[in-house]
Amino acid sequence: MADTTDINRHAGIEPPSGPVPKPELGDLFGPGLDASARREIEHALPVKGSQLIEVRHYGRSLWGQTAKLTAQIPDGSVKYYFFKTASTSLMIDAELSGLSQIYHVSPSFVPEPLGSGSYFSRHEITGEILPRTHFLITSFRKIGLQPPTPAAFVFKLADLHKTSVSPTGKFGSQKAPCHATISYHNVITWQSSWSTLFRDILAHTIILSQRQHKGHDSYADFQRIGNWVLDKVISRLLNPLEGKIKPCLIHGDLWDENTATDAVTGEPFVFDPMAFYAHNEYEIGNWRAARHRLSRKEYVDAYKELCPPDEPGEPRRPANVGYVSQLITEHVSRGVG
């Protein structure tokens, strides 16, 4: 179950005034990491023959559990890894794919993806077999300041956008990403037209929102406005950019707590991606919402300096308005905003 304090931090209408709470090492991970579960985790570790010492909660996730994993490798030394669980293999596979794509372009900008797997476990009290748990393992990076300072962070982000090259020359992804519990399977596919792909993404989120709110008093208005946006607005916003923009690899879900400064190296890095090839300005659509620290002028201005807008005039309109609308609609579909 999602932690409501996390949801409140993610979905407020004003940026939080205080710093992002520092992640702390917590209790032993559970419930029910029995011998069978431990074997499955050890099998997924990158150094064969490693033995699991412990898994302790570290940080928080809206849609899973996160932990610091300690293991002893065959030479007797101790290694630390980041460990994350989710309820579906689709979510884990999508995140692992996104991390791998970004790591290939910018290795220091994400934790190194190392493995994945799943296990059954038992309830600590009743002994009941619990639903299968899916997990991924990455290198462990201790989280410092969140979000990182504007100049260093935006430099790495802009470099990812500028240097990435779509393997097909198109927008989309070979493996569809997930945004939290929402899968874009059969939605984010390879498309020559960014306008077409973005319309597909927005249509998907509108349908999910309609299902969530069907029967509400405002449902008919929401349905009418959604169809109008899809049929009339998106083409007017994005068709003028056709043939002028490059498919860029984006993180896809950049908000304060998916970014951090590495407490050891001082480098900015990101995690929990919804990565695919898109218009680079889609990346900062999320920053238009005032609820994020990344919405502050110094972050937006630093990015614009390195990646000038593709549209003349006011750089956060009109395409950016369409991008933030999609993200807000998706939040509504999950009951988060």
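The legends below describe close-up views of a predicted model.

View 1. The average pLDDT of the protein is 86, and 86% of the residues score at least 70.

**View 2. The largest pocket and its lining.** The largest pocket holds about 820 Å³ of space. Its lining has 46 residues, of which Arg60, Ser61, Asn258, Phe271 and Asp272 are the closest to the centre of the pocket. Two or more lining residues come from each of α1 (4-11), β4 (78-86), α3 (89-105), β6 (133-139) and β7 (178-179). Helix α3 gives the largest share of the lining, five residues. By residue type, the lining consists of 23 nonpolar, 11 polar and 12 charged residues.

**View 3. Asp272 at the largest pocket.** Asp272 is among the residues closest to the centre of the largest pocket. Asp272 is found in the loop between β11 (268-270) and β12. Although Asp272 is not a glycine, its phi is positive, at about 50°. Asp272 counts as partly exposed because its relative accessibility is 26%, which falls between the limits of 20% for buried and 50% for exposed.

**View 4. The largest nonpolar core.** This core contains 24 residues, and Tyr184, Trp194, Phe198, Ile201, Leu202, Leu238 and Phe276 touch the most other members. The elements that give two or more residues to the core are α5 (194-213), α6 (219-238) and β12 (276-278). Its largest share, seven residues, comes from α5. Another core, of 22 residues, lies apart from this one and includes Val270, Val300, Ala302 and Tyr303.

**View 5. Contacts of Phe276.** Leaving out residues up to four places away in sequence, Phe276 touches Gly172, Ser173, Pro177, Ile188, Trp194, Leu197, Ile201, Cys248, Leu249, Ile250 and Tyr282. Of these contacts, Trp194 and Ile201 are also listed with Phe276 among the residues that touch the most other members of the largest nonpolar core.

**View 6. Thr70 in strand β3.** Thr70 is placed in β3 (residues 65-72). Thr70 counts as buried because its relative accessibility is 9%, and the limit for buried is under 20%. Beyond four places in sequence, Thr70 touches Gln51, Leu52, Ile53, Glu54, Val78, Lys79 and Tyr80.

**View 7. Arg296 and Pro15.** Arg296 is in the loop between β12 and α7 (297-306). Arg296 and Pro15 are 281 residues apart in sequence, and their C-alpha atoms are 8.7 Å apart in space. With a relative accessible area of 34%, Arg296 is partly exposed.

**View 8. The cis peptide bond at Pro147.** The bond from Gln146 to Pro147 is cis, with omega near -15°. Pro147 lies in the loop between β6 and α4 (150-163).

**View 9. Asn186, with a positive phi.** Asn186 is not a glycine, but has a positive phi of about 65°. The loop between β8 (182-183) and α5 holds Asn186. Asn186 counts as exposed because its relative accessibility is 65%, and exposed means over 50%.

Technical notes
Residues numbered from 1 in each chain as written. Predicted model: local features only at pLDDT ≥ 70, side-chain atom pairs only at ≥ 80, totals over all residues. Heavy atoms only, no water. 1 Å grid on protein atoms, 1.4 Å probe; cavity = no way out; pocket = protein on both sides within 12 Å on 5 of 7 lines; lining within 4 Å. Points joined across faces, edges and corners; volume = space filled by probe spheres on them. Helix = DSSP H or I, 4+ residues; strand = E, 2+ residues; numbered from the N terminus. Nonpolar A, V, L, I, M, F, W, Y, C, P; charged D, E, K, R; others polar. Core = buried A, V, L, I, M, F, W, Y, C linked by side-chain atoms within 4.5 Å. Buried < 20%, exposed > 50% of the residue type's maximum accessible area, 1.4 Å probe, protein only. Contact = heavy atoms within 4.5 Å. pLDDT = per-residue confidence, 0-100.
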